Amino acid sequence: MSELRVRVHRLVKTMCYLLALFVLGLAFTEYKHVFAGLILGAVVSLVNALYTAVKVHQFGKRVAAGLKPRGLGMMTRFSLVALAALIAIRYAETFHLPSLAVGLILATVILYIDGLVYSYRLRHSDVERGEE
């Protein structure tokens, strides 16, 4: 499995765990609007990350085939974020806007942490240095 697929799989798994925690928070705490904002932001963040992964894969295939690569869908991702912000503003009694902002960066933060852990493991791996 390619490194991109492995990282996307770990991202989806981690985001599903976080979303489950957010749903529990929504169900069992009095901070329903905060958890609703986190859920909306996390879902949009995950969709954007998955969309980016698909576009990067397509980009690589086109370059490998010698074709002109297409864009990576920046406007689509920006539009999804704008839509989430509009929903949060329109239904301000349901969604907490700062929580939405935190949710929107969750996938990026998780990918950074995953990259750091992967680099650390690779650096301290005996197999990488030829010691088995």
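The largest pocket holds about 420 Å³ of space. This is a predicted model. On its surface, Leu4, Val56, Phe59, Val63 and Leu72 form a nonpolar patch. Helix α2 gives residues to the pocket lining and gives the most to the patch.

**Largest pocket**
- The lining counts 20 residues.
- Asn48, Ala49, Thr52, Thr108 and Leu111 lie nearest the centre of the pocket.
- Two or more lining residues come from each of α1 (3-28), α2 (32-64), α3 (74-90) and α5 (106-123).
- The largest share is that of α2, with six residues.
- By class, the lining has 13 nonpolar, four polar and three charged residues.

**Nonpolar surface patch**
- Together, Leu4, Val56, Phe59, Val63 and Leu72 have about 370 Å² of accessible area.
- Three residues of the patch come from α2, which gives the most.
- Leu72 sits in the loop between α2 and α3.
- The relative accessible area of Leu72 is 35%, so this residue is partly exposed.

**Glycine 37**
- Gly37 belongs to helix α2.
- Is Gly37 buried or exposed? Gly37 is buried, because its relative accessible area is 0% and the cut-off for buried is under 20%.
- Gly37 and Leu26 are eleven residues apart along the chain. Their C-alpha atoms are separated by 9.9 Å.

Note on methods. Residues are numbered from 1 along each chain as its sequence is written. This is a predicted model: local features need pLDDT of at least 70, side-chain atom pairs count only at pLDDT 80 or more; totals for chains, interfaces and linings use all residues. Side-chain values use heavy atoms; hydrogens and water are left out. On a 1 Å grid over the protein atoms alone, a cavity is a set of points where a 1.4 Å probe fits but cannot get out, and a pocket is an open set with protein on both sides within 12 Å along at least five of seven lines; lining residues have an atom within 4 Å of a point. Grid points are joined across faces, edges and corners, and a volume is the space filled by probe spheres set on the points. Helices (H or I, at least four residues) and strands (E, at least two) are DSSP runs, numbered from the N terminus. Ala, Val, Leu, Ile, Met, Phe, Trp, Tyr, Cys and Pro count as nonpolar, Asp, Glu, Lys and Arg as charged, and the others, Gly among them, as polar. Patches are made of residues with over 30% relative accessible area and no salt bridge: like charges are joined within 9 Å, nonpolar side chains (Val, Leu, Ile, Met, Phe, Trp, Tyr) within 5 Å. Accessible areas come from the Shrake-Rupley method with a 1.4 Å probe; for residues, only the protein chains shown count as cover. A salt bridge is a side-chain nitrogen of Lys or Arg within 4 Å of a carboxyl oxygen of Asp or Glu. Buried means under 20% relative accessible area, exposed over 50%, partly exposed in between (1.4 Å probe, protein chains only).
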